[in-house]
Amino acid sequence: MSLQGDEKKPADSTNAAGEEIRLPVDEHIEEEVAANGKRVRARGVYLLPNLITTGALFSGFYAIVAGMDGNFEAAAIAIFVAMVLDGLDGRVARLTDTQSAFGVQYDSLSDMVSFGLAPALVAFSWALKTLGKFGWAIAFLYAACAALRLARFNTQVDTVDKGVFIGLASPTAAAIVASMVWSGHDASVGPVLAIIAALVTAAAGLLMVSNFRYTSFKGLDFKGRVPFVMMLAVILIFSLVTIDPAGVLLTLAILYTLSGPAMWLWGLLHPKPASGGVEGDSVEAKERDQR
């Protein structure tokens, strides 16, 4: 008799005497839905998407090491490489139908290193350390906000509109800090530049835990047709990036970061009318008066 659904166990989970055998600690088992709709327990992890996630994790770790060695340009570039890999792993998992709960958690931990710890420590090694305790407090503030941002995202992923982000996404916040370091990697860091770096780092961290709404661009259809002029615009952007990568990336990151507060301010100045309209509101008011 075969066990089905949630009751199915791995073949080596019990011995001949019916006693349970504890699996090795490095075995990963999670439930999956088979083609026939039944839930089965699958052992192991998918290699391809998790390999890309590991590459993003390595890039974030390398950024920290490079920043400690004073190679700030390489550290900033490594953070952007982690951003590219972070954008690929999820898409590869969906295209190859290799999504898993393990991959989601692994990706989140990788993001914490690449977009939480790496930017904070690189910024500290570059400029914030000249501010003493205030500098490392700002670096810790950014790292803590990144952790809170990722935790909130993981708990709200199934309840929030996928077309928007609540708070600045951690890769974008990391892009602001990394491009700032990249732009000034060869500059002489004085008190003024250190204070500017502290303000930018703190602002990026606090915006991650804010309630500002940002467009997620997840609704973009890369498979569909677009006007020919769109290809020219993409080529123009790539050309500008090659001229001054740090400056252009910093400008794009700042513009996207300001879009959240700008949309909030626009909604505050131009509130949407109530669903019932002015006429509906007046009817409801008359009914309350008659009561």
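Predicted model: local features only at pLDDT ≥ 70, side-chain atom pairs only at ≥ 80, totals over all residues.
Me: OK, which residues in α4 meet α6?
Reply: On the α4 side they are Phe134, Ile138, Leu141, Tyr142, Cys145, Ala146, Arg149 and Arg152. Their partners in α6 are Ala198, Thr201, Ala202, Ala204, Gly205, Leu206 and Met208.

Me: And how does that contact of α4 with α6 split by class?
Reply: Eleven residues are nonpolar, two are polar and two are charged.

Me: At what angle do the axes of α4 and α6 cross?
Reply: Roughly 20 degrees, and the axes of α4 (residues 133–156) and α6 (residues 191–208) come within 8 Å. Because angles under 35 degrees count as roughly parallel, α4 is roughly parallel to α6.

Me: Left-handed or right-handed crossing, α4 past α6?
Reply: The crossing of α4 with α6 is left-handed.

Me: Switching to α2 and α3. How far apart are their axes?
Reply: The axes of α2 (residues 72–95) and α3 (residues 101–126) are 11 Å apart, and the packing angle is about 165 degrees. Angles over 145 count as roughly antiparallel, so α2 is roughly antiparallel to α3. α2 also passes α3 in a left-handed crossing.

Me: Which residues in α2 and α3 meet?
Reply: From α2, Phe72, Ala75, Ile79, Ala82, Met83, Asp86 and Asp89. From α3, the list includes Asp107, Asp111, Phe115, Ala118, Val122 and Trp126.

Me: How many charged residues in the contact of α2 with α3?
Reply: Four charged, alongside ten nonpolar and two polar.

How values were computed
Residues numbered from 1 in each chain as written. Heavy atoms only, no water. Axes fitted to C-alpha atoms, helices over the stretch in contact; angles between N-to-C directions. Helix = DSSP H or I, 4+ residues; strand = E, 2+ residues; numbered from the N terminus. Parallel < 35°, antiparallel > 145°, perpendicular 65-115°, else oblique. Left-handed = near helix turned anticlockwise from the far one by under 90°. Contact = heavy atoms within 4.5 Å. Nonpolar A, V, L, I, M, F, W, Y, C, P; charged D, E, K, R; others polar.
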